[in-house]
Amino acid sequence: MTSAPPRAPLEERRIPDVVVPPPGPRSREILERQEKLLYPGLSEELAPLVVHRKLGYAVEDVDGNVFLDMASASASVPLGAGREDLLAPAIEALRRYGNEDSHALPSELMLPLAERLLSIAPRNLSRVDIALNGTEAVEIALKFMRRATGRQIVIGFFGQYHGESTTTATLGAERRDISKGLRQLSPGFLHVPYPNAYRSPFGSPRPGGTGDATVDYLRDQVLFHAVDPEEVAGVIIEPVVGSGGTLVPSEAFWRALEELCREFGWLLCADEVKSGFGRTGTMFAVEHWNVEPDLMCLGKAMGGGVMPIGAVLGSERAIGGFDDVPTGSTWAWLPGSCAAALATLDAFERDDVLGNVKAIEAAAVEGLGSLKEKYDVIGDIRVKGAYLSVEFVKDRETKERAPELQDAVARACLERGLIADSSTTSYNIQPSLVTPVEVIRQAVEIVDDAIASVV
Ligand code: PMP
């Protein structure tokens, strides 16, 4: 391999600073060798480069390029990379407790973490189950919903992502390739359109209905023609859709959905794996509408971007009434992960993280909003907290999607030093929650320049 160039500490580098168009020669060499060894389905979804180090919101590749990190490891690094205040307690716990299967032998960190989570969660949530990550949390929540109700059908929404294990891939319906070949193997899911203000297949809610077109559709169509509500265990919803492009339901939707769940004894499960821990400007996204779900799935940012950890929080009805559902896996709530999660909660309590998310939101609404006025190829701009999405269209009238254009913009952004996510229906910018607003403005300028270069 070519020898590494001498490097200045990342703290001293300009951000961004692209010295060679990605992939540079060292990245290219590693990626070519990797390609021969690794599963071919592992693509460099975000960018064709190999990471050398990260700090805060900066990523440096092995070629010495420095990028603005506007993906934050799929929104799993809430407080920036290389945080000593999170790393030190995790490392100390790894030294002290080693690895332990917390299903078999609880460490003394388990109870304080469960108590802390419940103390900040919606009030009706009174129990915790442990998970390794978001995927496992969703798998567990599904088992609980079916066990607690004795019913099998679970309703999900188009556009949602829940993971890529067989069950979570088929519960999800973000992109059809994620569940290809699996759907028949994991039955029991029924999907309806997410309350998507930009691309709703419905008109206005009907007079005398629930007040929301999606819930009208559920009641008037699905439950009338196809499914007995007594067969339904409940609904799993991303309270704000993340990977699928910042979709934000209305107040009317939530009230109508709650009423539906109440009427038929359905459990309402919020998948807060991505939206939880501050991403949308409140600790949990359901707080925006005072929704009290029966279950809540957590993961990603819970471990501060330092260690993997997930959880399922539930009401007594959802989790408390049985002990015969095996859940989880060996590394769930590894003591080092519990320490990282506790330190993350400390940081949220100590620092005004949520205040910064609100500042990011305001800067993004203004900055991206002005891009929408400038470029016809932008069909919609959606911002909720530090979830920022730009949806490209061929025509504003028809709203036909423009994935090639989106990819070209993403490529142009990368060449200018910005890493964000173009793998789905919109260009998603998901920075860490402590990213300074000036940096968000800088990112918007790069997007502006990138669009101008391709339209
Ligand atoms: N649920 C949601 C809403 C997610 O966004 C994700 C990951 N993108 C998952 C579940 C799965 O989490 P993980 O990949 O960390 O296991």
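Modeller: Let me begin with Arg 151, where a polar atom of the side chain lies 2.9 Å from the backbone oxygen of Val 232, a polar contact being a pair of N or O atoms within 3.5 Å, of which, within protein, one must be able to donate a hydrogen and the other to accept it, while residues adjacent in sequence count only if both atoms are side-chain atoms. The backbone oxygen of Glu 230 lies 3.1 Å from a polar atom of that Arg 151 side chain. This is a predicted model, in which local features need pLDDT of at least 70 and side-chain atom pairs count only at pLDDT 80 or more, whereas totals for chains, interfaces and linings use all residues. Residues are numbered from 1 along each chain as its sequence is written, and side-chain values use heavy atoms, with hydrogens and water left out.

Biologist: Where is Arg 151 placed, and is Arg 151 buried or exposed?

Modeller: Arg 151 sits in the loop between helix 5 (134-149) and strand 5 (153-158), helices (H or I, at least four residues) and strands (E, at least two) being DSSP runs numbered from the N terminus. Arg 151 counts as buried, at 14% relative accessibility, where buried means under 20% relative accessible area, exposed over 50% and partly exposed in between, with a 1.4 Å probe and protein chains only.

Biologist: And what about Glu 258, which residues is Glu 258 in contact with?

Modeller: Apart from neighbours within four places in sequence, Glu 258 is in contact (heavy atoms within 4.5 Å) with Asn 290, Val 291 and Glu 292. Glu 258 belongs to helix 9 (residues 251-264) and is buried, with a relative accessible area of 16%.

Biologist: Changing topic, how is the protein divided into domains?

Modeller: The domain assignment, whose bounds come from an automatic or database source, gives domain 1 (10-82 + 353-454) and domain 2 (84-350). Their centres, taken over C-alpha atoms, are 26 Å apart.

Biologist: How much area do domain 1 and domain 2 bury between them?

Modeller: About 2,700 Å², with 55% of it on carbon and sulfur atoms, buried area being the accessible area (1.4 Å probe) that two parts lose on being put together, summed over both. On the side of domain 1, Lys 384, Tyr 387 and Lys 399 lose the most area to domain 2, together 25% of what that side buries.

Biologist: How many salt bridges cross that interface?

Modeller: The rule, a side-chain nitrogen of Lys or Arg within 4 Å of a carboxyl oxygen of Asp or Glu, finds one across the interface of domain 1 and domain 2.
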